[in-house]
Amino acid sequence: MFERFTKDARAVVLGAVDHAERLHAETVEEQHVLLALLDREASRGSFALMSLGLADRKESVEQALAEARRRGGLSRADADALSGLGIDVSEIVSRVEEAHGEGALRSGRTGAGRGRGWWSGLVGGHRPFAQGAKDLLTESLRMALAQRDRYIGDEHLLLALTARPGVPAEVLADHGVTYASLRRVLYGEGEAKAG
């Protein structure tokens with residue numbers, strides 16, 4: 001599948017590995033793909049993010065992702081659902097960090113998802129891809145096929161992030177980037193089209 005990736009999409013995958021390494025994560029997660037997408041310039045995905053006003057809000061996205069990592073990877077919606085059951089995630093995080101240090105619940109450090117497959121050959125076997133990141137890459141292929149594209153571009157990775165539930169989609173939506181808004185920017189419907 002990696003042979004179908006454009007130069008920009010390959011750069012995003014490699015950038016995701018770099019972000020995982022910088023954050024000392026044991027696996028490459030979907031959030032690392034989002035961070036790598038935010039690093040891109042002069043690509044269809046970066047044009048779409050710029051058109052939707054996210055280019056100037058990268059720091060805010062990074063902070064939101066860091067907060068989710070601090071919660072052990074729980075989305076805000078997950079934390080709200082637990083709150084409805086009387087479980088205060090913020091209080092739990094505070095107590096765990098008091099006892100074990102800041103970032104003790106950070107996700108991506110457990111070693112889960114160490115399976116092998118085509119994705120491990122993408123980057124020379126540096127960091128393995130977590131199941132969510134593997135599924136994201138597969139979903140990006142589905143996005144490309146739905147558009148009848150013969151390639152997988154960074155725009156397909158971005159669309160896949162917004163189409164899947166989880167922290168990256170939640171953070172993007174909080175910043176005004178949804179699947180519907182991306183489709184409008186990328187594929188028209190009377191507005192500027194990424195090209």
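This is a predicted model: local features need pLDDT of at least 70, side-chain atom pairs count only at pLDDT 80 or more; totals for chains, interfaces and linings use all residues.
Where do Arg70 and Glu67 sit in relation to each other? Both belong to helix H4, and because they are 3 residues apart there, about one helical turn separates them.

## Asp39 and Lys58: helix H2 to helix H4

Asp39 and Lys58 form a salt bridge whose closest N and O atoms are 2.5 Å apart. Asp39 lies in helix H2 and Lys58 in helix H4, which spans residues 58-70, so this contact ties together parts 19 residues apart in sequence.

How accessible are the two partners? Asp39 counts as partly exposed at 35% relative accessibility, and Lys58 is partly exposed with a relative accessible area of 26%.

## Asp8 and Arg40: helix H1 to a loop

Asp8 and Arg40 meet through their side chains in a salt bridge of 2.4 Å, N to O. Asp8 is part of helix H1 (residues 7-22), while Arg40 belongs to the loop between helix H2 (30-39) and helix H3 (44-51), so the pair links parts 32 residues apart in sequence. Arg40 has 22% relative accessibility and therefore counts as partly exposed.

## The whole structure

How many salt bridges does a search of the whole structure find? The search finds 6, including the Asp8 and Arg40 pair.

Methods: Residues are numbered from 1 along each chain as its sequence is written. Side-chain values use heavy atoms; hydrogens and water are left out. A salt bridge is a side-chain nitrogen of Lys or Arg within 4 Å of a carboxyl oxygen of Asp or Glu. Helices (H or I, at least four residues) and strands (E, at least two) are DSSP runs, numbered from the N terminus. Buried means under 20% relative accessible area, exposed over 50%, partly exposed in between (1.4 Å probe, protein chains only).
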